[in-house]
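I opened a new structure and kept notes as I went. The entries below follow the order in which I looked things up.

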Amino acid sequence: MLSLEILDNTPKKLLTDQRVAASCREAAPVLDAVKAGTGLDIDSMGWMEVTKWAGEQTLSRLEEIAAQVAADSDAFVVIGVGGSNNAARSVVKAFRSESGVEIIWAGNTLSPAAMNRMLSMLDGKRFTIDCIAKNFETLEPGASFRVLRQLLVSRFGKEEAARRTIATGTPGSRLEEICREEGYTFLAFPTDIGGRYTAMSNVGLLPMAVAGLDIRALVSGAMEMQRQLYALPAEENPALRYAVIRNMLYNDGYKLEMLSSFEPQLKWFYKWWIQLFAESEGKCGKGLFPVASEYSEELHSVGQFVQDGSPILFETFLDIKEQQSSLICHPDEVDDRFGYLDGKDFWEINKASFTATRTAHAQKLPCLTLTIDRLDMETFGELFYFYQFTCVLSSLLLGVNPFDQPGVEAYKGWMFKALGKPGA
Ligand code: PA5
C-alpha cells in the first residue's frame, strides 16, 4: 500500500497535521465529485474504470499481437510523442531486460540527426512499427511514420511492410482510413481518454507487452489503486491529501514541485509525471511547475539550489520500501579512507543518503515522501493510477480543467504557417 508522509522542519512549519486534516475535510466534496464523475468532462474520464480499456479481451489481444511481433521482429518502433509514448517508455526503460525485442522510440523529435540515429538502429534488423496518435495531426509522429513506412517498404516490400505496420488511433480518423486502405493492423486509441492518461490502454500496454513485460500485473496494480482511492474517506485518502498539500503550498507561495528519488530506474517515469502535471495544471496563469531530480547524482548539482537557493520549491521523494537489489562494499587492502563502508550493502548506503538528504532539505523546504512497497509492474500500475487521480483532484482544487491543453496550440499555429500547411 502506497503511503504519503510529511516532513516539514522549516521555521514556518506550514504543513501541520491539523492544517492538512482541516483542508482535506474541506476538499472532501471534490473527492466525492471525482468519484461520481460529476462536473467533469465525461469524454476524458475513460481511464477511471481501469478495466474499460484494459479488460481481459484487450489484454489477450495485445498479448497475441506481442507474441506475433516477438516471433518475427528484432525491434519494435514506437512512434508517438507526449501522452502517446511517455507511459510505455517509463515502464520499458525501467524493466526491459536485454533479451527479447528491442524497443526503439521514434516520432518524438524533428531533429534529422536524432532521426538518422534512430534509423541506423534498425540497420540489419527485422522490425515492426506502431504509430500511436490520437488526432494524427501532430507533426513529429506523422512525419516519422512516413519515413518509417518508406523504410519498411524498401526493406520488405509492400505486402510484408503492411503486415509489419500497426497504428493506434482514433476510430473514424484519417489514420484508421489509411490502415484500411493499406492493410495495416488498427488498434483503438480510447475515445474518452486524453493522451497523458492512457497508460492502461492499447496506447501504453502494447509496447510494454512487446518488451516482454507483464501487463496484467501493471493493470492489476492500477485496479487495486482504483479500489483503494474510491474506498478511502477524505482524511485517509492519499490522493486527496497529496492534492490538498500541493494546493496549500502553491497558495503559500511555492511555485515548483520537485519529484526526487534515489532509484535511477525511475528516470523515465519523471518524464511521464512531468507531462501529466505540466499539461494538466499549467494553464490560466496558474499551476506548480513540475521538475524532477535524479539522486544521488543531482545532489552534486541542483542539490545546492534546493538546500540554499530561492525558496520557490517543495520536494516530493519517491521511496521504495523493500530491498530491490544487493551489492556489498567489501573491505579493501588499499587504504582509501572509505573503510567506514566496509561490509555495508549499497542498498543501506543509498537509503542513508536518502534519509540524510531529506533531513537536510526539510530544514529549508516542505518535504513529502511517497513510499511504494516495491518497484515492479504492479506498483508501477499503482503509481500511474494514483498520480492520475491526484492530478485530477489537484487541478480541480486549483480551478483548471485537467484534460485540455489549450496552450499547446499556440506554437502549432505559427509552426504550421512556417511549414506552409494548408489552412494554417
Ligand atoms: O496528453 C496529451 O493529450 C498530449 O500530450 C498528446 O498525447 C500529444 O500531444 C500527442 O498527441 P497525438 O497522440 O494526438 O499525436
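**Cavities, then the ligand**

I began with a search of the whole structure, a predicted model. The search gave 3 cavities of 30 Å³ or more.

I turned to the largest cavity. About 130 Å³ of space lies inside the largest cavity. I listed its lining: Ser261, Phe262, Glu263, Phe317, Leu318, Asp319, Ile320, Trp347, Asn350, Lys351 and Phe354.

Next I asked where the ligand sits. I found that the largest pocket is the space taken by the ligand.

Which residues surround the ligand? I noted Val81, Gly83, Ser84, Ala133, Lys134, Asn135, Thr138, Gly195, Arg196, Gln275, Glu279 and Gln405. I sorted this shell by type and got 2 nonpolar, 7 polar and 3 charged residues.

I then checked which domains supply the shell. Domain 1 (3-38 + 218-406) gives at least three residues, and domain 2 (50-213) also gives at least three.

A polar backbone atom of Gly83 is 3.0 Å from an oxygen atom of the ligand. For Gly195, a backbone N or O atom lies 3.4 Å from a ligand oxygen atom. Glu279 uses its side chain: an N or O atom there is 2.9 Å from an oxygen atom of the ligand.

Last, I asked how much of the ligand the protein buries. Taken alone, the ligand exposes 380 Å². The protein buries 89% of that area.

Conventions: Residues numbered from 1 in each chain as written. Predicted model: local features only at pLDDT ≥ 70, side-chain atom pairs only at ≥ 80, totals over all residues. Heavy atoms only, no water. Near = heavy atom within 4 Å. Polar contact = N/O pair within 3.5 Å; in protein donor to acceptor, adjacent residues only side chain to side chain. Areas by Shrake-Rupley, 256 points an atom, 1.4 Å probe, with all protein chains shown as cover. 1 Å grid on protein atoms, 1.4 Å probe; cavity = no way out; pocket = protein on both sides within 12 Å on 5 of 7 lines; lining within 4 Å. Sits in = over half its atoms within 2 Å of the grid points. Nonpolar A, V, L, I, M, F, W, Y, C, P; charged D, E, K, R; others polar. Domains from an automatic or database assignment. Points joined across faces, edges and corners; volume = space filled by probe spheres on them.
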